[in-house]
Amino acid sequence: QVQLVESGGGLVQPGGSLRLSCAASGSIFSIGVMNWYRQAPGAQRELVAHIGSGGSTNYADSVKGRFTISRDNAKNTVYLQMNSLKPEDTAVYYCNADIRGTMSRGLNNYWGQGTQVTVSS
C-alpha cells in the first residue's frame, strides 16, 4: 500500500518561512510528477507547484519567487520551501504524486492527508 504523509505545517507570522515535506512510503517502483496543492476555506483546491521526475518545475503565479519545490528521489520525498509568507497563503496544503507500485503496471495518483498552514500575526 502506497501512502503520502505531509509534515511541516503550522502557524507563522507574515513574512516568515515554513518548509513542508511529503514522504511517499510503501511498495514503490517509481514516482513520476509530484505536486503541492492548497485549499483555503470556501475556495477550490489549487495547484501551487509541480516538479517532474527530471526536476523541471512550475509554479502558480501567486507564489512565484517566494516558494520553491524540490525532491529527493532517494528518499521518495518532495519539499515545499515557503518564504515571505502572506495571510492569503493560509490553507491546507496537500501533497499529490503519480506513483507506480511494485505490483502495478502503471502510475496511480495519490494524495496526502493535508497539513494546515496559517499565516497570521
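Mentor: Start with the term: a disulfide is a pair of cysteine sulfur atoms within 2.5 Å. Keep in mind that this is a predicted model.

Trainee: Okay. How many disulfides does that rule give?

Mentor: The count is one disulfide. Cys22 is joined to Cys95, with an S to S distance of 2.1 Å.

Trainee: Which hand does the disulfide have, and why?

Mentor: The S-S torsion of Cys22 and Cys95 is about -80°, so the disulfide is left-handed.

Trainee: Where in the chain do the two cysteines sit?

Mentor: In distant parts, 73 residues apart. Cys22 belongs to strand β3 (residues 18-25), and Cys95 to strand β9 (residues 91-101).

Trainee: Is Cys22 buried or exposed?

Mentor: Buried means under 20% relative accessible area. Cys22 has 0% relative accessibility, so Cys22 is buried. Cys95 is buried too, with a relative accessible area of 0%.

Trainee: Switching to the sheet. In what order do the four strands come?

Mentor: The order is β1-β3-β8-β7, in an open sheet with antiparallel pairing.

Trainee: Which strands stand at the edges?

Mentor: β1 (3-7) and β7 (67-72). Each has a single partner strand, so one side of each has no neighbour in the sheet.

Conventions:
Residues numbered from 1 in each chain as written. Predicted model: local features only at pLDDT ≥ 70, side-chain atom pairs only at ≥ 80, totals over all residues. Heavy atoms only, no water. Buried < 20%, exposed > 50% of the residue type's maximum accessible area, 1.4 Å probe, protein only. Pairing = 2+ DSSP bridges.
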